[in-house]
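Thanks for coming, everyone. I'll take you through one model. Have a look at it first.

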Amino acid sequence: MDEVLVDGLRIAYRRSGNGPPLVLLHGAFEDSRIWADELRTLSPHIDVIAWDAPGCGASGEVPSGWSGADWAAAASGFITALGLTTPAVAGLSFGSVIALLLARDHPARVGRLVLIGGYAGWGGSLDADALAQRITAVRFTTSHRVEEWAEDFLDSVYPQGVAAERRARARILIDDWRPETTAAMIDVMTQDLRPALPRIHTPTFVVRGTADSRSPRSASLDLCALLPDAHLLEITDAGHDCSGPELDALLQRAAREAQIDPTPTLK
């Protein structure tokens, strides 16, 4: 792995390929290793960069008291440190919220957004009961052994029939997750980003699997309704992570379009 320093914070990443750049932001209980399939399949066509978010994988710890603006600044600084110009940025679940914060606060850094299993924050995409249940479930992970919750979590991410290797990789990453990162993740995920969405003019693809049991379809529809330039892609029988040829094709398209037609700099 390689790493860069962003305001003194070490951010590790994996990179493969050449051509138009694509930055991949992973979900919760993961790090850049979850993108192993995408790094392999996309690198013959584009330049694929997968970060370890602060507090994850080989990156440094999340500083105390971090806000959404700090997460956005870290992502922006990461892009700047790598010398990228208006890359496409794809975020999965937790990563989708970081991608939206990045586009909200640093629009000139992003050429295209791809929101996979996305949320306008849990506070903006889940009703009150579902939000309370989600927070309780995530807090449960910080005080109980991984064996007590990991399989149920994976069942909610991956539908039946998913490649056994992909689920097994995700299970390994859960073992390496740092519980202290969870508090920082909850703080950013519970936001309601809906008021900011009409100001995000970055062309956006919202991607949802029809078998996704974590992010409701209403969340994707709301993102498309509130973002000024958003388009929905639903992938039949895909789960929360939407992995497969259809997502790969869209990620390639986003990376190429980001270089041909960079995002407007409106905020």
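Start with a definition: two strands pair if DSSP finds at least two bridges between them. Strands (E, at least two residues) and helices (H or I, at least four) are DSSP runs, numbered from the N terminus. Now the ground rules. This is a predicted model, where local features need pLDDT of at least 70, side-chain atom pairs count only at pLDDT 80 or more, and totals for chains, interfaces and linings use all residues. Residues are numbered from 1 along each chain as its sequence is written, and side-chain values use heavy atoms, with hydrogens and water left out.

First, the sheet. Strands of a sheet pair through backbone hydrogen bonds, either parallel or antiparallel. Here, eight strands make an open, mixed sheet, ordered β1-β2-β4-β3-β5-β6-β7-β8. The edges are β1 (2-6) and β8 (230-235); each has a single partner strand, so one side of each lacks a neighbour in the sheet. Take β5 (residues 88-92) and β6 (residues 112-116): they run parallel, joined by five bridges. Which residue of β6 is the bridge partner of valine 89? Leucine 113.

Next, the aromatics. Rings of Phe, Tyr and Trp (its six-membered ring) pair if their centres lie within 6.5 Å; planes under 30 degrees apart are stacked, over 60 edge-to-face, the rest tilted. We have eight aromatic pairs. In one of them, the ring centres of phenylalanine 29 and phenylalanine 153 are 4.9 Å apart with planes at 75°, so the pair is edge-to-face. This pair links distant parts of the chain, 124 residues apart. Phenylalanine 29 sits in the loop between β3 (21-25) and α1 (36-42), phenylalanine 153 in helix α6 (residues 150-157).

Buried or exposed? Buried means under 20% relative accessible area, exposed over 50%, partly exposed in between (1.4 Å probe, protein chains only). Phenylalanine 29 is buried at 4%. Phenylalanine 153 is buried too, at 15%. Tryptophan 66 and tryptophan 71 also form an edge-to-face pair, 5.1 Å centre to centre and 75° between planes. Both are buried. Back to our phenylalanines: Phe29, Trp149, Phe153 and Trp177 form one aromatic cluster.

Last, the cavities. On a 1 Å grid over the protein atoms alone, a cavity is a set of points where a 1.4 Å probe fits but cannot get out; lining residues have an atom within 4 Å of a point. Grid points are joined across faces, edges and corners, and volume is the space filled by probe spheres set on the points. The search finds three cavities of 30 Å³ or more.

Conventions. 1 Å grid on protein atoms, 1.4 Å probe; cavity = no way out; pocket = protein on both sides within 12 Å on 5 of 7 lines; lining within 4 Å.
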